[in-house]
Amino acid sequence: MADTEALHSITTDSRKPKVPESRIEVENLSHAYQQRQALDNISFDVSRGEIFGLLGPNGSGKTTLFRILSTLMPVTAGTVRILGHDLATEVKAIRHLLGVVFQHPGLDAKLTVVENLRHHGHLYGLAGKTLRHRISELLERFGVSDRATERVEVLSGGLQRRVEIAKALLHSPRVLLLDEPTSGLDVAARRQLSDYLSVLAQTENMLVLLTTHLLDDAETCDRVGILDVGKLVALGEPDALKTQIGGDVVLIESMDNENLCTTIAERFGVSTVLTDGQLRIECERGHEFVRDVVAAFPEKIQSVRFGKPTLEDVFIKLTGNPFV
């Protein structure tokens, strides 16, 4: 609840260019904790009607960036504009534009669904018939009308996340920020949440920005920014980013990875990388390469698999590090 209280301490493709009032603009943003550089010269923009994902492993800078965008931390270097407002000087105006869903639940488990939304509405000056209508509308949209009078503590994780998002949308924000929104949800609930976000972006022209360390979540975004140790190492549509990988990706495990890495490179003329206890090879026609390499080293290879590139492969290629 600390993040929520702090927030309320004050009452891709070739689409047409967006004016500043319809997007988030981040320019040369940096942030340091004493000697540790959490963000290093980050720049990107997100337009309304778009779902934008910030993807990165733990320690990549996602949380720091999210806390800055949600007004919980100040801008110390660089510029952030949200729908035309400067985050450094117009925090109060920006907060009324934002709906924020934090990674850790911000609901009071002992209150009912309606009570949670009602108290949240009061923070934004909503009351009476207007508030009751808005609560009813959102509970209906997110399929939790039948649970309105139940305490939050009896709801499943997926249902609680729906209520969290309904709460964030109560004051009709123009920007929705979500920090690791599918954390703790099962596959079905994650898929439902992705569908809800798509509807919000498309039908209400809402700007949706989320952070995630889950590759599947990032795949559903319109565009993705990949972070690693405070740097933005890639930016673009998921499918476009994956075209950076040549052909298929083959992963091999053996009892002696280092020697096999050199031997395969010399014999087949491919680039091999040892990462996370596996040999990683990019090649065309992966199924044929797998056949040939197993035939050449049947006693040395313990397991081998191949597939089309993923965003994890993009991360590994760009950073040389495993995505953990």
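Reader: In which loop is R285 found?
Author: Good place to start! This is a predicted model, in which local features need pLDDT of at least 70 and side-chain atom pairs count only at pLDDT 80 or more, while totals for chains, interfaces and linings use all residues. Residues are numbered from 1 along each chain as its sequence is written, and side-chain values use heavy atoms, with hydrogens and water left out. Helices (H or I, at least four residues) and strands (E, at least two) are DSSP runs numbered from the N terminus, and R285 is found in the loop between β13 (278-283) and α11 (286-296).

Reader: With which side chain does the side chain of R285 make a polar contact?
Author: A polar contact is a pair of N or O atoms within 3.5 Å; within protein, one must be able to donate a hydrogen and the other to accept it, and residues adjacent in sequence count only if both atoms are side-chain atoms. For R285 the contact is at 2.6 Å, and the partner is the side chain of E288.

Reader: How far apart in space are R285 and D313?
Author: In sequence, R285 and D313 are 28 residues apart. From C-alpha to C-alpha, the distance in space is 17 Å.

Reader: What distance separates the centres of domain 1 and domain 2?
Author: The chain is divided into domain 1 (19-241) and domain 2 (247-308), with bounds that come from an automatic or database domain assignment. Taken over C-alpha atoms, the separation of the two centres is 40 Å.

Reader: Why does the aromatic pair of F66 and F102 tie together parts apart in sequence, and how many residues lie between those parts?
Author: Rings of Phe, Tyr and Trp (its six-membered ring) pair if their centres lie within 6.5 Å, and planes under 30 degrees apart count as stacked, over 60 as edge-to-face and the rest as tilted; by this rule there are five aromatic pairs. One of them is F66 with F102, edge-to-face at 6.2 Å centre to centre and 80° between the planes. F66 lies in helix α2 (residues 62-69) and F102 in the loop between β6 (98-101) and α4 (113-123), so the parts tied together are 36 residues apart in sequence.

Reader: Which geometry does the pair of F315 and F323 have?
Author: Both F315 and F323 are buried. Their ring centres are 5.0 Å apart with 85° between the planes, and the geometry is edge-to-face.

Reader: Over the ring of which residue does the charged end of R267 sit?
Author: A charge sits over a ring if NZ of Lys or CZ of Arg is within 6 Å of the ring centre and within 35 degrees of the ring normal. The charged end of R267 is 5.8 Å from the centre of a ring, that of F297.

Reader: Which residue of β7 is the bridge partner of G99?
Author: Both faces of β6 are covered, with L98 and V100 buried on one side and G99 and V101 on the other. Two strands pair if DSSP finds at least two bridges between them; four bridges join β6 to the parallel strand β7 (residues 175-179). In β7, the partner of G99 is L176.

Reader: Which residues are linked with R23 in a network of salt bridges?
Author: R23 forms a salt bridge with E25, the closest N and O atoms being 2.9 Å apart. E25 is buried, with a relative accessible area of 8%. The residues linked with R23 in the network are E25, E27 and R81.

Technical notes:
Buried means under 20% relative accessible area, exposed over 50%, partly exposed in between (1.4 Å probe, protein chains only). A salt bridge is a side-chain nitrogen of Lys or Arg within 4 Å of a carboxyl oxygen of Asp or Glu.
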